[in-house]
Amino acid sequence: MATTFADQLRSLPDEALGALIQLRPDLVVPVPADISALAVRAQSRNSVARCLDGLDEFTLTVLDAARLTRSADTALTSVEVIIELAGGVPADDVRLAIERLRTRFLLHGPEDGLQVVGAVDEVTSPYPAGLGRPADFLDPQAAALCADRAKLRRTVLAAPPGARAVLDRLAAGPPIGALTRDAVAEPVRWLVDQHVLVPVSEAGRMPRPDGELVELPREIGMLLRRETGPLGVLRPAAPVPGGPARNPQAADSAGAGQTMEAVRAAEAVLESLATEPAPVLRAGGLGVRDLKRVAKAAGVDEAGAALLVEITYAAGLLGESENGQNQDNFLPTGAYDLWRATGIAHRWAALARAWLAMTRQPGLVGRRDERDRPINALAPDAERAGAPQARREALTALAELGPGAAPTTDDLLELLAWQAPRRARGREPAHRDAYAGAAMLGITGLGALTSYARLLLTDTGPDDGDPLGVHPEDAHTDAVRALDHLLPAPVDHILVQADLTVIVPGPPEPDLATELDVLADPESAGAASVFRVTPASVRRALDVGYQAADLHALFRRRSRTPVPQTLTYLIDDAARRHGGLRSGSAGSYLRSDDEALLAEVVADRRLSTLDLRRIAPTVLVSPRPTARLLGALRENGYAPVAEDAGGTTVLTRPKARRAPSRSPRVAEPSGPVLTGPRLAGVVEQLRRGDIATRAARRAPVTVRAAHGQAIPGLTAVQQHTQAMAVLQQAVRDKARVWVGYVDSHGATLSRLVRPVSLSAGYLRAEDERGESLHTFALHRITAAVTEE
C-alpha cells in the first residue's frame, strides 16, 4: 500500500499519470528526472497555485471543506465528512468535485483518509470558506463560550443592532476586522467584552494605521451561517447568464457589417498617418492631439482610434521611421500596401489575429498610471502580458453558451468569476476591454459570437499531426471563407451622378479602390460608399501621371451610368491649366557674370557626372551637393568659392582629421498542451528515469562511490582494473554483479546483471530478470561488485 506522495504517483497507471500531466502541464517543463522529482514539483507552491487558478468556485469551496474537516491529530479527512459539511448540495456533485481534486493530486490518499497537499495552505487564504480559526486556538474564554451552545445563542441574540451588523459582516468572510479607536466605544467593545470577538495580533508586524485586529471564532461564524450552511452559499453549477437569444444568422450579418466598418476605419487611420506622420513621444507612444486627429479622420471615438492604432501596430501595418531630423514618426509600413491589396475578409483576419495575440490592453489608453500620468496609445504603460489570455477566456466563455447567446457583460463577468475565481480576480477591466474590442472588430454581432469568429478561436496552432507547425494553408482559411460568404461581393463599377458624386454599390475591388483614392474624395462609407469628384481630386490624378484622355476612358469603363458633361468639362479644364507653373529641387547652383565661363563648364566632359543644367544665362544648377560640386570643379582646374543664401562668400578652414571614437573595452562577466505520442513519451521517460534512480539506490556503496556520490566512511574508489577482474570471475561463476557505467549522454547509471561474455572491448550480460541482453563498452564501466 502506498504510503508517500511519490509512491502514490508511482502506483498510478500510465493513463492516470498522463491525465495528471495533461491537467498540470507545468509539472513536465522541463521533464523531471524521475517520479520522485515529479512528486516534489507537484507539491511546490508555484505549481499548486497555478493548478488552483484553473479551478471553479464550487471545487475550491469543496477544497476549503477538506481543509476545515481535517483531524487535529492526523491531518486527514474523508469523503463522507466533506459531504456532510457541504449539506444541501447533492452528494454526487460533491463527489465529482472531490474527484477533480484527486485527479489533480491536490487531495490524495484513500477515501477514508484524504490528505490535502501542504502547499495548498501556503497559497490560499488562512481562513477556509471565510471562517476564522477555532475558538480554543484563539482564546480560552471564547472557547468556553462556544462550548456552552445555549449561552452562545443567548449572547448572539442579545447583541445590539450595531454589534449584530458587525457579526453578520464578519460571518460572511473574511473573519478579520480592524479595531479602530472610534469603533471600540460602541458595538465592537461590547462584542469583545462578551468574548464573541477576540483581539489578535500579528507577531513581528508594523503597527497598523487603522488599529488592532479582531477575529470571529470559527464556531460562531458557523452558527451565524445556519441559514446558508457552514460553507456559505454553494453553487455546484455555473450561473446561467440571461439576455436575449439572437438569431445566429442575424448575428452573423450584423458582425459581417461591423467587420467592413472595422477594416474601413483601420485603413482610414493608416491613411491619416501616411498623410501626416505623427511624432513618437520621448516617453514612447502617440500623442493625445495626434490620436484625436486620427479619430476624426477615421470617424470613430478616441477609444476606438486607440484600439485600431494598437491593432495595426501589432499587425505590422504601422511602424516607426526616422524623418532625418533625429525624430521618429509613426508611418504605415510596406506590409500595409500588401494588406490593402487583399480582400476584406483577409484584411479582417489579419486584424483579428493581431488583436487576439497582442500583449497590449487598449482600454488603458486615456487613463492615468500610478504616478497620475496619462497613458498614451502605443506607450509602454499599456503593456499587459496577460491580455491575450484574458481575451481568450472572455470569448471562450461566450462561445460555450452556444450560438446566438447574447448575455450582458456583467453576466459574462459573473460567469468568468465562477469558472476561475482566482484567475478572474483583478482581470475585470481586461475582460470588459476584450468584449468591447470584439464588438468593434465584428467578432461579436448583436452581442453574440459570430460563426466565423468561432472558427478563428478553434485554431490553437500546431498539433501532434503537424509537430513542426508546417501547415499547407492559412490556419484561418475556414474563418476567412465563412466571412467571405457573408460579405457582399466586391464590385468593379461605379455610378456617376450629375452632381459629380460617385456611388460604389458595394465593397470596391482593390483596383477600383486604388483608383478612387486618387480620383475622388470620400464623403460617406457603408454598404454603399459615396465619393465626390472635385477640381482638387482631378489635379491629384493628373499629378500621379494620368492624362485627360486616361481619365475620360476610366470613367467610361467604370461607370454604369452615362458620364455627365460637367465631369468631362471639369477634367478638360483641369488638364488645360495643369503644368502652367513648374517647380523642382536642386542640390547646388553655380552662377557667374561670365557667360562664356559657364558655357565652358557645361561643355567640359570631365564634369558630366555633375549633371549641370542652365536655367538662366548666368546660372547653372546641379542635383549634386555643394561640397561635391566645389570639389569636382577644383579638381579640374577651376577656382570656385562657396556662398550662403544671401550671396555672401563663405570662408572655411580644413577640418582636422581624427580617429573614430571608441568606447573602453569592458570585460564580459564569466560564466505546452501534451497529447498523443508526446504525452506517452513523457510518461515513458518518467518511468525509465524512476527505474534507473531506484536501481542506482540499490547499488552497493562501492558502485555509487565510483559515480562520484559522497559515501560516509569510504576512503577510495574501486579502480577500473579491479572491476575487470570482478567481471571475469563473474563470467566464470555465472554470478550476478552490480555494474556502474556512464551512458552515451554522460549520465551515471547502475544495473544488476549476469555477465555472459567479456571480449572485443565489450561486456555482454543479461539483466537481473533475464529478459534481455545488454552490451556495455568496457571503457565506460566505472565499477563492478558481486551481489551479496
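User: Is Asp168 buried, partly exposed or exposed?

Analyst: This is a predicted model. The relative accessibility of Asp168 is 40%. Buried means under 20% and exposed means over 50%, so Asp168 counts as partly exposed.

User: Which residue does Asp168 meet in a salt bridge?

Analyst: The N to O distance of the salt bridge is 3.3 Å. The partner of Asp168 is Arg164.

User: How many residues apart in sequence are the parts that Arg557 and Glu515 tie together?

Analyst: The side chains of Arg557 and Glu515 meet in a salt bridge (3.7 Å, N to O). Arg557 lies in helix H29 (residues 548–558) and Glu515 in helix H27 (residues 510–519), so the parts tied together are apart in sequence by 42 residues.

User: Is Ser47 buried or exposed?

Analyst: Ser47 sits in helix H4 (residues 45–53). Its side chain makes polar contacts with the side chains of Arg24 (2.9 Å) and Asp26 (2.8 Å). With a relative accessible area of 2%, against a limit of under 20%, Ser47 is buried.

User: Which strands stand at the edges of the open sheet of four strands?

Analyst: The strand order is S11-S12-S14-S13, with antiparallel pairing. Each edge strand has a single partner strand, so one side of each is left without a neighbour in the sheet; these are S11 (495–496) and S13 (521–524).

How values were computed
Residues are numbered from 1 along each chain as its sequence is written. This is a predicted model: local features need pLDDT of at least 70, side-chain atom pairs count only at pLDDT 80 or more; totals for chains, interfaces and linings use all residues. Side-chain values use heavy atoms; hydrogens and water are left out. Helices (H or I, at least four residues) and strands (E, at least two) are DSSP runs, numbered from the N terminus. Buried means under 20% relative accessible area, exposed over 50%, partly exposed in between (1.4 Å probe, protein chains only). A polar contact is a pair of N or O atoms within 3.5 Å; within protein, one must be able to donate a hydrogen and the other to accept it, and residues adjacent in sequence count only if both atoms are side-chain atoms. Two strands pair if DSSP finds at least two bridges between them. A salt bridge is a side-chain nitrogen of Lys or Arg within 4 Å of a carboxyl oxygen of Asp or Glu.
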